[in-house]
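Dear colleague,

Here is the structure I promised to pass on to you. Please look it over with the notes that follow it, which set out what was found.

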Amino acid sequence: MAAGPTVRKIMDVYKGKIRLVIKNYPYKYRDYARIAAEASLAAREQGKYWEMHDLLIKRSPKLDRASLLAYAKELGLDVPKFTASLDGQKHKAEIDRDLKLAESLDLYNTPTFYINGRQVIGERPFEYFKKIIDEELRAAR
């Protein structure tokens, strides 16, 4: 089970009722984690965050620069713009902020979700999230 499809289903079912905030946590001991985070954000600039996200997971561990550029082309991105973003580490400050936040939360696992402060570690089925989200929405009324 991958978290992406579950997250998309949650966003569809609860459209207009919840907000999704994604933070990057490129694990320092994983090869290419940092450049893969840069790639997903460079794709986000062109409206294809989820497409790149899914491709990175599907093609992992092949996440070297040449592979990322090939993925950008495969997704129909503006490759020179993507390359400039990637090579210039355009999103370094954002990623650094996300890492600092993760450290402050003593977070070490991905994916980790927070639903109104309730921590959910790891991939879970839609029904698991639904129970928590419904509880939180009822409490907010």
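A salt bridge here is a side-chain nitrogen of Lys or Arg within 4 Å of a carboxyl oxygen of Asp or Glu. Please bear in mind that this is a predicted model, in which local features need pLDDT of at least 70 and side-chain atom pairs count only at pLDDT 80 or more, while totals for chains, interfaces and linings use all residues. Residues are numbered from 1 along each chain as its sequence is written, and side-chain values use heavy atoms, with hydrogens and water left out.

Salt bridges between elements

The structure holds 12 salt bridges, and three of them are described here with their surroundings.

E74 forms a salt bridge with R59, and the closest N and O atoms are 2.9 Å apart. With E74 in helix 4 and R59 in helix 3 (residues 49-59), the pair ties together parts that are 15 residues apart in sequence. E74 is partly exposed at 48% relative accessibility, and R59 is partly exposed with a relative accessible area of 28%.

The side chains of R118 and E135 also meet in a salt bridge, at 2.8 Å from N to O. R118 lies in strand 2 (residues 118-121) and E135 in helix 7 (residues 126-140), so that parts 17 residues apart in sequence are tied together by the pair. R118 counts as partly exposed at 30% relative accessibility, as does E135 at 23%. A network of salt bridges links R118, K131, E135 and E136.

The contact of helix 4 with helix 5

The axes of helix 4 (residues 65-74) and helix 5 (residues 79-87) come within 9 Å and cross at roughly 145°; axes are lines fitted to C-alpha atoms, for helices over the stretch in contact, and angles run from 0 to 180 degrees between N-to-C directions. The contact is made by R65, L68, L69, A72 and K73 of helix 4 together with V79, F82, T83, L86 and D87 of helix 5, contact meaning heavy atoms within 4.5 Å. The residues of this contact divide into six nonpolar, one polar and three charged, where Ala, Val, Leu, Ile, Met, Phe, Trp, Tyr, Cys and Pro count as nonpolar, Asp, Glu, Lys and Arg as charged, and the others, Gly among them, as polar.

Two residues of this contact can be followed individually. L69, which lies in helix 4, is buried with a relative accessible area of 17%, and, not counting residues up to four places away in sequence, L69 touches F82, T83 and L86. T83, which lies in helix 5, counts as buried at 16% relative accessibility, and with the same exclusion of residues up to four places away in sequence T83 touches R65, L69 and G88.

In helix 1 (residues 3-13), the residues A3, G4, T6, V7 and I10 are buried. They cover an arc of only 165° around the axis, which puts them on the same side of helix 1; the arc is that of the directions from the helix axis to the C-beta atoms. The buried residues of helix 1 pack against helix 3, strand 1 (112-115) and helix 7. P5, also found in helix 1, counts as partly exposed at 46% relative accessibility. The C-alpha atoms of P5 and F126 are separated by 9.2 Å, although these residues are 121 residues apart along the chain.

In helix 6 (residues 92-104) one finds E94, which counts as buried at 18% relative accessibility. Not counting residues up to four places away in sequence, E94 touches N24, L41 and R44.

Definitions and conventions:
Helices (H or I, at least four residues) and strands (E, at least two) are DSSP runs, numbered from the N terminus. Buried means under 20% relative accessible area, exposed over 50%, partly exposed in between (1.4 Å probe, protein chains only).
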